[in-house]
Amino acid sequence: MNHRSDRVVGFAVAAIVGLVACGSGKPSDGTAPGPRSSAVPAYVTAYRAGYTAGKAVYDSSGKGAAVRETIWGGCTRRALDAGSSAEMDRGSWVRGCHHGVSNAPARLPTGPATKRTTDSRLLEQFRTWARTKGEAQRVDHIRRLETAQLTELDYDIEVYTDYPAGLGRAESEALAHSFVAWWDGDHGRDGFARNILIFGADGKRLIAQRI
């Protein structure tokens, strides 16, 4: 059913409800009608925003953009600069971007796409390496490390620290540089790590850097 039909049906229902109200003053069973939820799920909003962004890239760059944005991780990096719509569910945003940049039909997700997993083993491997480089004090600020699976193959590394908001940017940049220097892309995980994100004590992102 199209939007126009939806509106017509909506007006008809409203008219019927109005007539009933005028005739009896209350619903026939004596109960108030329950509220109807019209909220769009966050993952759908994220997907649509990603699809729009991807389609704009396709329209301006053509078919060749699909390789750059999908195979080489362009959409995963665009998501970092896409604002709150992407942060609702970065995985859904990236999926929408992939479909848009490929000029494929939109296929709305049925649930959140981003899957986060705490990875204590990976964190300890990084800490061990950093300590051999004299960076023990820096990695001691890390509280946990998570992998954020965005697509079947793409994931981001998310590092949560106790850095205070506004004061930890320089330290978080140094921490990200250290991680990238250590990372060799093969730590027992399938797929491709695209970005590292550092978060402060308040849970807000301090910086994001390409891996």
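**Close-up 1. Residue S92 is buried, because its relative accessibility is 0%.** Buried denotes under 20% relative accessible area, exposed over 50% and partly exposed in between, with a 1.4 Å probe and protein chains only. The model is predicted: local features need pLDDT of at least 70, side-chain atom pairs count only at pLDDT 80 or more, and totals for chains, interfaces and linings use all residues. Residues are numbered from 1 along each chain as its sequence is written, and side-chain values use heavy atoms, with hydrogens and water left out. S92 belongs to helix α6; helices (H or I, at least four residues) and strands (E, at least two) are DSSP runs numbered from the N terminus. Leaving aside residues up to four places away in sequence, S92 touches Y43, A46, Y47, P109, G111, P112 and A113 (contact: heavy atoms within 4.5 Å).

**Close-up 2. An open sheet of mixed pairing comprises five strands in the order β1-β2-β3-β4-β5.** Strands pair if DSSP finds at least two bridges between them. β1 (115-118) and β5 (205-210) are the edge strands, each with a single partner, so one side of each lacks a neighbour in the sheet. From one strand to the next, the twist averages 25°; axes are lines fitted to C-alpha atoms, for helices over the stretch in contact, and angles between N-to-C directions run from 0 to 180 degrees.

**Close-up 3. Strands β3 (residues 154-161) and β4 (residues 192-199) run parallel and are joined by six bridges.** Opposite E158 stands L197 in β4.

**Close-up 4. Helix α6 (residues 90-101) packs on the sheet.** This helix touches β1, β2 (142-149), β3 and β4, and its direction makes about 150° with that of β3. Helix α7 (residues 120-132) lies across β1, β2 and β3, at about 125° to β2.
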